[in-house]
Amino acid sequence: DRPGLLRTQIRAMLRAAGGRVLRVMFPMIATIEEFEKARALVEMELTHLRRHGHQLPERLEVGTMVEVPSLLFQMDELLEQVDFLSVGSNDLMQFLYAADRGNTRVASRFDNLSTPVLRALRDIAVKGKTHGKPVTLCGEMASQPIAALALATVGYRSLSRSEERRVGKECR
């Protein structure tokens, strides 16, 4: 949306990570093409830093959040290009159910243990394993013991949960 701003942010991260490992994760990616454009900006900034003699990260991993349902139908292609994935369960469920989770009138529609949700999450975990890419999950589901058990059952081995059980709280 704002490539100039994104390039500045990427350059700052790359410079700050000189000699260290850097993991860059892009949020709200809806298509493979969006990820390719974002990754191309990372490559442009790496080229710029090399040209100007800056120390580069020791290792760079680039991944994406899976929050937009359209990515569910592009998993194989996406997993060929990313180094890792992180499922944003709050946003993914909101978009799967086409309902604002902050709206009390429709919040009851959210059932994170429903068959469609668990199938989608299982498919992501299985495809990640098949492609040899780590897949983590971030969101409210990880804060709920029963949901965390369900996530382990469908293949998740790394969960990130919010400090407080409150809708909208960022994962830590």
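Are Phe26 and Phe35 buried or exposed? Phe26 is buried, and Phe35 is buried as well, where buried stands for under 20% relative accessible area, exposed for over 50% and partly exposed for what lies in between, with a 1.4 Å probe and protein chains only. The model is predicted, so that local features need pLDDT of at least 70 and side-chain atom pairs count only at pLDDT 80 or more, while totals for chains, interfaces and linings use all residues. Residues are numbered from 1 along each chain as its sequence is written, and side-chain values use heavy atoms, with hydrogens and water left out.

**The aromatic pair**

- The structure holds one aromatic pair, a term for rings of Phe, Tyr and Trp (its six-membered ring) whose centres lie within 6.5 Å, with planes under 30 degrees apart counted as stacked, over 60 as edge-to-face and the rest as tilted.
- Phe26 and Phe35 make up this pair, which is edge-to-face, with 6.4 Å from centre to centre and 75 degrees between the planes.

**Helices α1 and α2**

- Helix α1 (residues 3-16) and helix α2 (residues 32-51) have axes that come within 9 Å and cross at roughly 55 degrees; helices (H or I, at least four residues) and strands (E, at least two) are DSSP runs, numbered from the N terminus, and axes are lines fitted to C-alpha atoms, for helices over the stretch in contact, with angles that run from 0 to 180 degrees between N-to-C directions.
- α1 and α2 are therefore oblique to each other, since angles under 35 degrees count as roughly parallel, over 145 as roughly antiparallel, 65 to 115 as roughly perpendicular and the rest as oblique.
- The contact (heavy atoms within 4.5 Å) is made by residues of α1 including Leu6, Ile10 and Leu14, and by residues of α2 including Leu41, Met44 and His48.
- By class, this contact of α1 with α2 has ten nonpolar, one polar and four charged residues, with Ala, Val, Leu, Ile, Met, Phe, Trp, Tyr, Cys and Pro counted as nonpolar, Asp, Glu, Lys and Arg as charged, and the others, Gly among them, as polar.

**Helices α5 and α6**

- The axes of helix α5 (residues 115-130) and helix α6 (residues 145-154) come within 9 Å and cross at roughly 45 degrees, and α5 and α6 are therefore oblique to each other.
- The crossing of α5 and α6 is right-handed, and the contact involves Leu118, Leu121, Arg122 and Ala125 of α5 with Ala150, Leu151 and Val154 of α6.
- Residues of this contact of α5 with α6 divide into six nonpolar, no polar and one charged.

**Single residues**

- Thr64 is found in strand β2 (residues 59-66) and counts as buried at 0% relative accessibility; leaving aside neighbours within four places in sequence, Thr64 is in contact with residues that include Phe26, Phe35 and Phe84.
- Gln94, in helix α4 (residues 89-97), counts as buried at 16% relative accessibility.
- Val106 lies in the loop between α4 and α5 and is partly exposed, with a relative accessible area of 23%.
- Arg20 lies in the loop between α1 and β1 (21-26), and the C-alpha atoms of Arg20 and Leu60, 40 residues apart along the chain, are separated by 8.6 Å.

Technical notes:
Left-handed = near helix turned anticlockwise from the far one by under 90°.
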